[in-house]
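Here is a briefing on one protein model. Keep the sequence and the 3D view at hand while you read.

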Amino acid sequence: GWQAGSAPRAGGQPDLQSTQIVVGQGDIDQMVATFTRTWQRPPTQKEVKGLVESFVRDEIYYREALAIGLDRGDAVIRRRMRQKMEFIFEDLTARTEPTEEDLRAYLAEHPESYAVDPRILFQHVYINEDKRGENAEAEARRILARLRRGADPAGVGDPILLESENRLQPLWDIKKQYGEKFGDRLLELEPGRWEGPVRSGFGLHLVLVRQRVGGRLPELDQVREMVRRDWVAARRKELKEAAYAILRERYIVEIEKPKTGAGPEVAQAGMERP
């Protein structure tokens with residue numbers, strides 16, 4: 001069969017009747033060298049496999065483009081492209097608009113993309129570990145006891161360039177300022193009671209959750225256009241891969257081992273998935 005890596009693309013064309021693609025060791029070496037120059041490290045075995053499959057995909061699309069006459073005049077290009085696209089996508093794109101059931105299912109399967117964050121109003125007292133050293137946690141607990149007995153929060157703790165009392169704000173905003181773990185702990189604390197110490201990216205905090213409004217998954221009507229857009233994008237990607245898979249099944253891909261190896265490996269699309 002035609003060897004993909006050595007075919008003269010300018011002066012000649014491959015045998016379009018052949019369904020064999022040979023990925024030579026020289027091709028693989030070139031891919032590895034390019035990857036290494038780009039990322040300043042050699043690729044892993046998994047990444048090499050991905051590079052080879054991308055190379056094979058390029059060759060398949062190249063042959064298919066030649067087969068439908070993309071290297072010829074404009075009139076032929078328009079006619080053959082239309083014929084090819086209609087043939088490939090007639091079945092795959094019979095339904096491009098999602099149904100109501102599609103949208104509801106997609107929303108349920110991807111709640112993290114659309115959920116409304118909880119909102120929390122809290123007050124905190126900061127404990128500076130650099131200042132208090134190894135006694136910081138013990139002192140934090142002593143201050144916590146004083147706060148629970150009614151001590152003025154403004155008269156205890158250490159200064160920090162953050163508001164001691166925040167507005168009712170979404171959890172993502174709190175996490176952005178204080179860190180993921182701090183935000184998650186605010187969901188666990190009992191409202192109306194000083195708790196802690198709670199660790200943030202700044203140090204230790206004693207925290208009073210004043211109000212917490214729970215997060216929720218919105219109704220479909222509230223996010224319909226976003227869900228539809230994401231469904232269409234996911235569907236298009238799925239159909240694109242399905243179309244390529246149809247073409248991929250027609251080819252036998254042979255990947256050469258290094259010269260010290262035991263000979264070429266043959267990966268037939270119907271037998272070994274890329």
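Angles under 35 degrees count as roughly parallel, over 145 as roughly antiparallel, 65 to 115 as roughly perpendicular, and the rest as oblique. The model is predicted: local features need pLDDT of at least 70 and side-chain atom pairs count only at pLDDT 80 or more, while totals for chains, interfaces and linings use all residues. Residues are numbered from 1 along each chain as its sequence is written, and side-chain values use heavy atoms, with hydrogens and water left out. Helices (H or I, at least four residues) and strands (E, at least two) are DSSP runs, numbered from the N terminus.

**Helix H4 against helix H9**

- The axes of H4 (residues 100-109) and H9 (residues 220-248) come within 9 Å and cross at roughly 90 degrees. Axes are lines fitted to C-alpha atoms, for helices over the stretch in contact, and angles run from 0 to 180 degrees between N-to-C directions.
- H4 and H9 are therefore roughly perpendicular to each other.
- On the H4 side, Glu100, Asp102, Leu103, Arg104, Tyr106 and Leu107 take part. Their partners in H9 include Leu220, Val223, Arg224 and Trp231. Contact means heavy atoms within 4.5 Å.
- By class, this H4–H9 contact has 8 nonpolar, no polar and 6 charged residues. Ala, Val, Leu, Ile, Met, Phe, Trp, Tyr, Cys and Pro count as nonpolar, Asp, Glu, Lys and Arg as charged, and the others, Gly among them, as polar.

**Helix H2 against helix H9**

- The axes of H2 and H9 come within 11 Å, crossing at roughly 80 degrees. H2 and H9 are therefore roughly perpendicular to each other.
- Glu53, Val56, Arg57, Ile60, Tyr61 and Glu64 of H2 meet Glu241, Tyr244, Leu247 and Arg248 of H9.
- The residues of this H2–H9 contact divide into 5 nonpolar, no polar and 5 charged.

**Helix H1 against helix H2**

- H1 (residues 25-39) and H2 (residues 45-67) have axes that come within 10 Å and cross at roughly 115 degrees.
- H1 passes H2 in a right-handed crossing. A crossing is left-handed if the near helix is turned anticlockwise from the far one by less than a right angle, and right-handed if clockwise.
- Asp27, Ile28, Met31, Val32 and Phe35 of H1 meet Glu47, Val48, Leu51, Val52 and Phe55 of H2. The residues of this contact divide into 8 nonpolar, no polar and 2 charged.
- Gln40 sits in the loop between H1 and H2. Gln40 is not a glycine, yet has a positive phi of about 60 degrees.

**The sheet**

- An open sheet is formed by 4 strands in the order E3-E2-E5-E4, with antiparallel pairing. Two strands pair if DSSP finds at least two bridges between them.
- E3 (169-170) and E4 (194-199) are the edge strands, each pairing on one side only.
- E4 and E5 (residues 204-213) run antiparallel, joined by 4 bridges. The bridge partner of Arg199 in E5 is Leu204.
- Pro197 lies in E4. The peptide bond from Gly196 to Pro197 is cis, with omega near 0 degrees.
- Helix H6 (residues 136-148) lies across E2 (119-127), E4 and E5, running at about 160 degrees to E4.

**Around Arg132**

- Arg132 is in helix H5 (residues 129-132).
- The side chains of Arg132 and Glu139 are joined by a polar contact of 2.2 Å. A polar contact is a pair of N or O atoms within 3.5 Å; within protein, one must be able to donate a hydrogen and the other to accept it, and residues adjacent in sequence count only if both atoms are side-chain atoms.
- Not counting residues up to four places away in sequence, Arg132 touches Ile127, Glu139, Ile143, Gly157 and Asp158.
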